[in-house]
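Subject: Structure handover

Hello,

Here is the structure you are taking over.

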Amino acid sequence: MIKIAASILAADFLNLGADVERMRQAGADYLHCDVMDGRFVPNISFGQPIVKAVAATGMPLDVHLMIEDPDKYIDEFARLGARIITVHQEATKHLNRTLHHIRELGCLAGVSICPATPPETLGWSLGDFDVALIMSVNPGFGGQKIVPSAVKKIAVLRDMLEKAGVAAEIEVDGNVALDTAQEIVNNGARLLVTGSALFKAPDAGAFIRTLKGMEAGA
């Protein structure tokens, strides 16, 4: 089953509540919250106050920590109501320990890798995460074009998970749109993060239904 995470980075922050409600009615499964620190990625987005505000809507939160030393903040984002907490393999000193801690807090543990990071770097962490988030653009800004080689990593990671007998979800973030999603799904992703394309769509509900209707090999 394909699930959709609406990235609030693309929302109208002057009307954030209305945009979140619009995503709920359109059928989004998660609100994707990109927390950026201006150090790990070249941009600053938002932090705990915004996450707390959107958590009050009751929609499941997919919190993506694009920050250095994420361990300092995991407990707080769990307390604020995150359903998924994702850290970057490149920014986490002791990945397995961090993933175990996220699970201990009652959240799904996610690990993300940037386009230039080989999926094989997760080989010794298979079984320690519930979600693997493959960045199909270099993190830090919305509206970028997909890095083609990053999409190929989806199938590699899916093969790794299947051979290890691990039932983790593969998530993809970065220019997921109507003209790019089919290849992403065909390679094995089932949780799609979409921002600009979704929020700018004339009919968000139709957009989400189209993505959810895609099947591998179609």
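Predicted model: local features only at pLDDT ≥ 70, side-chain atom pairs only at ≥ 80, totals over all residues.

Residues are numbered from 1 along each chain as its sequence is written, and side-chain values use heavy atoms, with hydrogens and water left out.

Helix α5 spans residues 148–164, and its buried residues are A150, V151, K153, I154, L157, R158, M160 and L161. They sit on the same side of α5 because they cover an arc of only 160° around the axis (taken from the directions from the helix axis to the C-beta atoms). P148, K152, E162 and K163, on the other side, are exposed. Buried means under 20% relative accessible area and exposed over 50%, with a 1.4 Å probe and protein chains only. Helices (H or I, at least four residues) and strands (E, at least two) are DSSP runs, numbered from the N terminus.

The buried residues of α5 pack against β5 (108–113), β6 (131–135), β7 (169–173) and α6 (181–186). After α5 comes G165, with a positive phi near 70°.

The unreviewed UniProt entry annotates a "binding site" that includes S7 and G140; such annotations may be inferred rather than shown by experiment. S7 lies in strand β1 and is buried at 5% relative accessible area. G140 is in the loop between β6 and α5 and is buried at 2%. Not counting residues up to four places away in sequence, G140 touches M36, V41, P42, N43 and M66 (heavy atoms within 4.5 Å).

Regards
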